[in-house]
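This report describes one protein structure for a reader who is new to the subject. Please keep the sequence and the model in view while reading.

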Amino acid sequence: MSINTIRPDLPGLPETVPARMLNEFVYCPRLFHLEWVQQQFATSDDVEEGLYLHRVVDREAGDLPDKSEAWNGRVARSVSLSSPRLGLATRLDLVEDGGDGTVVPVDYKKGHPNKDGGAWPSDRVQSLVQALLLREEGYAVERAEIWYAETRQRVHITVDDAALQEITDTVTRAWRVASDPSAPPPMRDSPKCARCSLVGICLPDELDALQTPPKQRRPLKRLMAPILEGRPVYVTLQGAVVGVRSDRLEVRLSGELKASYRLIDVSQVCVFGNVTVSAQAARTLLSRDIPVLWFSYGGWFSGIAEGLPGKNVDLRIAQFRAPEQQQLEIARRMISGKIRNSRTMLRRNARGEMPRVGEQLKQLAIQAMQAESSQQLLGIEGTAARLYFGSFSAMVGKNSRVDVSDFQENGRTRRPPKDPLNALLSFCYTLLVKDLTVTLMGIGFDPYYGMFHKPRFGRPALALDLAEEFRSLVAESVVLQVLNNGEVGPHDFQSRAGGCMLEASGRKAVLRAYERRLEQEITHPQFGYKASYRRVMDIQARVLGAVMLGELDDYTAMVTR
């Protein structure tokens, strides 16, 4: 049986689809789209075990003899083949002599055969593509084999006309999915999701829950694939040099080693003021998708260096093409969520009853959902902020070592903040926007094009949008924590020329509290499982992406009860 061209003649499609991606397609068409079309990737224990197993066949060895030559028992490892005519490509783990004038492709898998002792459908398709491409090169192939490491056995697959027709049908469907800018919907209650490395990106249960009326939702099982590994490293030591040696990030001052971290434990490097990052370190960090973020000595977020920009171009197209009405609806929900979180913050922490302010904030949250324009929404948000910050100092306990009476007089001030409480708020907001900027960029958003905050030179408007619902939950909570726990005192602030800024000791205390807060687990109000604030921020950004791509009708803000 001969197979004609399968790839559709559509502009923008790659010439070939890798056989490994067809394996993903058979396992789950959405996984195929996320991983190949949107270029989103996450590792897992299964993925790492598979890579370890393949080390024995990843090293190229032996030549693929010409089809006219006798094989005489020869073996070739790690052989790449492709056919633009068929629109297929593959990398064969092993090609062996079949002993009867044929050759046998052998694929290595870490798992085990199915319950009938046969190959899993996704593995079978990948092996058949390998057989097909060998035939395309003129070799006689009657069977393919899969070696399953867990049971240490080979499974044979017959290569006949029916099998090749199966490949034709599968590849045709895969190209059709790849041609669509929208990913297929997630599976529902599928056991496959539990073993999928992209479950933390796909969010199948979460998207399903958000499309279910709240009273009918049931708590979800805990996330099985944490995707946020590593933690930020903050370098505040002035004159320090950040370098890389033997897969470790090192911080040195005048040649003396001050700190050392394994690179696999680092998610981002934040440098404050006069700190140098060596060219070697920058290159290594960017190649590992670890961003470097620069701050002024006083903590002003001034720049970021990251690797190649996000490859999810369809998400950026959807972001820029979002209709004004959709942008306003998302902004309404974000601002309403922010106001409700502010009200909860006051109810939990204010000394003394504040029923009037609480009721006013409640009404403003309702009005925010009904705002008819972004200007009206801006006015509602401003009124709510004045009410909230007018009562903010009531949440600072008597045991605080920092005098916050100036805040009652000044209110919220910035650039520069005029008192210690404003200095703490500004620094924590900077950290929050920094983390949301990195999160949004990692998913594929342009953080400078927002829904509520209008684009302005150098302003991460979308990160500021998403920060609204986390201001009380993260930033202001950290401020109250360091004040009420006595983690900062008067000596941690410096006043100069009408402005107030944190000293190095104060910044370190706030950074410690901020990281503690991001690691704190809460019960997610929508999904019912435990998740850290760091993970919740990532989930919110992905929910926003699902709205942009049309997978969800409405955005749901993060609001605690």
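## Strand S5 and its partners

In this predicted model, the hairpin of S5 and S6 has four residues between its strands, and Arg152 takes a positive phi near 50° there. In general, most residues other than glycine have a negative phi. Strand S5 covers residues 143-148, and strand S6 covers residues 153-158. The two strands run antiparallel and are joined by six bridges. Within this pairing, Ile146 has Val155 of S6 as its bridge partner.

S5 also pairs with strand S4 (residues 103-109), in this case in the parallel sense and over four bridges. Val106 has Glu145 in S5 as its bridge partner. Between S4 and S5 the chain passes through helix H5 (residues 121-136), and this β-α-β crossover is right-handed. Five of the six residues of S5 are buried, and the strand is therefore described as mostly covered, where buried means under 20% relative accessible area.

## A second hairpin

Strands S15 (residues 493-496) and S16 (residues 499-502) also run antiparallel, with four bridges joining them. Arg496 stands opposite Gly499 in S16. This hairpin has two residues between its strands, and Ala497 takes a positive phi near 50°.

## Positive phi in two loops

Asp247 is a residue other than glycine with a positive phi, near 60°. Its place is in the loop between strand S8 (241-245) and strand S9 (248-253). Is Asp247 buried or exposed? Asp247 has a relative accessible area of 51%, so it counts as exposed, the limit being over 50%.

Asp289 likewise has a positive phi near 60°. This residue lies in the loop between helix H9 (279-287) and strand S13 (292-295). Asp289 is exposed, with a relative accessibility of 62%.

## The nonpolar cores

In soluble globular proteins, nonpolar side chains tend to be buried together. The largest nonpolar core of this model has 101 residues. Those with the most contacts inside this core are Ile339, Phe392, Leu424, Leu432, Leu483 and Tyr555. Which helix gives the largest share of the core? Helix H15 (residues 420-443) does, with 14 residues. Leaving aside neighbours within four places in sequence, Phe392 is in contact with Phe407, Leu421, Leu425, Glu476, Val479 and Leu480.

A second, separate core has 40 residues, including Met21, Phe25, Leu88 and Val155. Met21 and Phe25 are also among the buried residues of helix H1 (residues 19-27), together with Ala19, Leu22, Asn23 and Glu24. The buried residues of H1 pack against strand S1 (17-18), helix H2 (29-37), strand S3 (88-97), S4, H5 and helix H6 (161-179).

## Ser83, a buried residue in strand S2

Ser83 is found in strand S2 (residues 75-83). With a relative accessible area of 3%, Ser83 is buried. When neighbours within four places in sequence are left aside, Ser83 is in contact with Thr16, Leu88, Leu133 and Glu136.

## Aromatic rings

The model contains 13 aromatic pairs. One of them joins Tyr234 and Phe272, whose ring centres are 6.4 Å apart and whose planes are at 45°, a tilted arrangement. Tyr234 lies in strand S7 (residues 231-235) and Phe272 in strand S11 (residues 266-272), so the pair ties together parts that are 38 residues apart in sequence. Tyr234 is buried at a relative accessible area of 16%, and Phe272 is buried at 0% relative accessibility. Tyr234 and Phe272 belong to one aromatic cluster with Phe295, Phe301 and Phe427.

Charged side chains also sit over rings. The charged end of Lys192 sits over the ring of Tyr27, 5.2 Å from its centre. The charged end of Arg507 sits over the ring of Tyr297, 4.5 Å from its centre.

## The protein as a whole

The protein has 19 helices and 18 strands. Its C-alpha trace spans about 90 × 60 × 40 Å along the principal axes. Of the 561 residues, 53% are buried. Among contacts with a separation of 6 or more, 65% are between residues 24 or more positions apart.

Technical notes:
Residues are numbered from 1 along each chain as its sequence is written. This is a predicted model: local features need pLDDT of at least 70, side-chain atom pairs count only at pLDDT 80 or more; totals for chains, interfaces and linings use all residues. Side-chain values use heavy atoms; hydrogens and water are left out. Two strands pair if DSSP finds at least two bridges between them. Buried means under 20% relative accessible area, exposed over 50%, partly exposed in between (1.4 Å probe, protein chains only). Contact means heavy atoms within 4.5 Å. A crossover is right-handed if, with the strands pointing away from the viewer, the path from the first strand over the helix to the second runs clockwise. A nonpolar core is a set of buried Ala, Val, Leu, Ile, Met, Phe, Trp, Tyr and Cys residues joined through side-chain atoms within 4.5 Å. Rings of Phe, Tyr and Trp (its six-membered ring) pair if their centres lie within 6.5 Å; planes under 30 degrees apart count as stacked, over 60 as edge-to-face and the rest as tilted. A charge sits over a ring if NZ of Lys or CZ of Arg is within 6 Å of the ring centre and within 35 degrees of the ring normal.
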